Amino acid sequence: MVTIPPQPWPTGLAEAVEPLVLRVLAPNPSPYTFTGTQTYVVGVADGPDCAVIDPGPNEAEHIAAIIAAVAGRTITAIMCTHTHRDHSPAAAPLAEMTGAPIVGCAPLMLQVAGPRSDEAFDPTYSPDRVLADGEAMRGTGWTLTAVATPGHTSNHLCFALEQSGALFTGDHVMGWSTSVVIPPDGDMGDYMASLEKLMARDDVRYHSAHGAAIEKPKQLVRGMIGHRRQREAQILRLLGEAPRAIESLVDEMYKGLDPRLTGAAGMSVKAHLLDLLKRGRVATSDEEWSLR
Ligand SMILES: [Zn+2]
């Protein structure tokens with residue numbers, strides 16, 4: 001079970017988390033967002049320019065707090081890690097108010113016909129420029145390079161701050177919870193590959209969109225890879241006993257889960273099953289899953 005720290009949280013304040021980085025917490029706590037979405041302002045404190053990462057929900061109070069943290073600097077880029085509704089909806093109004101371009105992840109091509117958990121996505125997101133893996137944005141004393149990390153969503157990017165070795169991980173890796181992978185846009189195979197991609201890097205610290213900074217990033221990522229492999233092994237073991245529906249797997253695998261999170265747990269199990277299906281390890285018919 002997740003323990004949410006006691007209130008009050010420092011909503012609306014610009015907290016310095018390292019010399020080039022301010023963090024502003026949005027007022028949107030929930031079982032999915034922890035204490036809320038954290039927006040980062042990256043740049044030299046008394047410099048001429050900065051970047052804003054994950055502007056968050058479109059709430060006037062939060063946008064005002066971001067503008068206060070920017071403190072008169074020119075916003076070179078409003079950068080979104082992905083387009084879930086707790087991350088990108090403030091991009092358009094912030095761009096409108098400041099004239100800053102929106103640069104970062106791709107918009108999501110939503111398929112009207114297929115189920116795609118659309119309610120979680122921000123349809124207003126419209127970037128001026130999409131960054132490919134390895135492309136960088138530069139300002140005075142800061143460089144942010146995109147690291148493509150699909151899995152949590154297909155369009156997810158992390159951003160690496162060259163000057164300090166920090167990585168802004170969005171929802172790909174968080175300290176307070178594992179990332180939710182919801183098919184069909186979320187993809188467990190991609191997510192695992194994106195975790196392995198971080199293992200091959202030497203980032204010194206992670207700033208995620210929710211929860212405290214992560215000071216031992218590789219240790220955490222290694223644990224997450226192990227956790228997912230364990231879940232996969234558990235699914236294979238349970239299916240080895242008998243074919244099962246997803247609900248029955250969730251009951252066995254997530255004893256004592258917050259009832260508000262059973263839907264997300266079911267999606268995560270489904271993401272594992274789809275990955276196993278792709279790899280030829282399981283089969284499915286009539287809502288039941290079995291070993292092959
Ligand atoms: Zn997300």
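This report describes helices, charged residues and backbone features of a predicted model.

## Basis of the model

Residues are numbered from 1 along each chain as its sequence is written, and side-chain values use heavy atoms, with hydrogens and water left out. In this predicted model, local features need pLDDT of at least 70 and side-chain atom pairs count only at pLDDT 80 or more, while totals for chains, interfaces and linings use all residues.

## Two helices with a buried face

Helices and strands are DSSP runs numbered from the N terminus (helices: H or I, at least four residues; strands: E, at least two). A residue is called buried under 20% relative accessible area, exposed over 50%, and partly exposed in between (1.4 Å probe, protein chains only). An α-helix has 3.6 residues a turn, so residues three or four places apart point the same way.

Helix α1 spans residues 60-70, and its buried residues are H62, I63, A65, I66, A69 and V70. Seen down the axis of α1, these buried residues fall within an arc of 160°, so they line one face of the helix; the arc is that of the directions from the helix axis to the C-beta atoms. The exposed residues A60, E61 and A68 are carried on the face of α1 turned away from its buried side.

In α5, the buried residues are I246, L249, V250 and M253. Viewed down the axis of α5, they fall within an arc of 100° and so line one face of the helix. On the face turned away from the buried side of α5 are the exposed residues E247 and D251.

## A negative surface patch

E247, D251, D286, E287 and E288 form a negative surface patch. Patches are made of residues with over 30% relative accessible area and no salt bridge, like charges being joined within 9 Å and nonpolar side chains (Val, Leu, Ile, Met, Phe, Trp, Tyr) within 5 Å. Asp and Glu count as negative, Lys and Arg as positive, and His and the chain ends are not counted. Accessible areas come from the Shrake-Rupley method with a 1.4 Å probe.

E247 lies in helix α5, residues 246-253, and is exposed, with a relative accessible area of 56%. D286 is found in the loop between β13 (282-285) and β14 (288-291) and is exposed at 73% relative accessible area.

## Salt bridges

The structure holds 15 salt bridges, each being a side-chain nitrogen of Lys or Arg within 4 Å of a carboxyl oxygen of Asp or Glu. R260 is paired with D258, their closest N and O atoms being 2.9 Å apart; R260 is exposed at 58% relative accessible area, whereas D258 counts as buried at 12%. D275 and R279 form another salt bridge, with closest N and O atoms 2.9 Å apart. D275 is buried, at 10% relative accessible area, and R279 is partly exposed, at 42%.

In the salt bridge between R129 and E135, the closest N and O atoms are 3.4 Å apart. R129 is partly exposed at 35% relative accessible area, as is E135 at 32%. E18, R205 and E215 are linked in a network of salt bridges.

## Backbone features

Most residues other than glycine have a negative phi, and most peptide bonds are trans. D54 has a positive phi of about 50° although it is not a glycine. D54 stands in the loop between β4 (49-53) and α1 and is buried, with a relative accessible area of 2%. The phi of D286 is also positive, near 50°.

A cis peptide bond, with omega about 5°, joins P183 and P184. P184 is found in the loop between β11 (166-170) and α3 (188-199).

Key
Charge placed at Lys NZ, Arg CZ, Asp CG, Glu CD.
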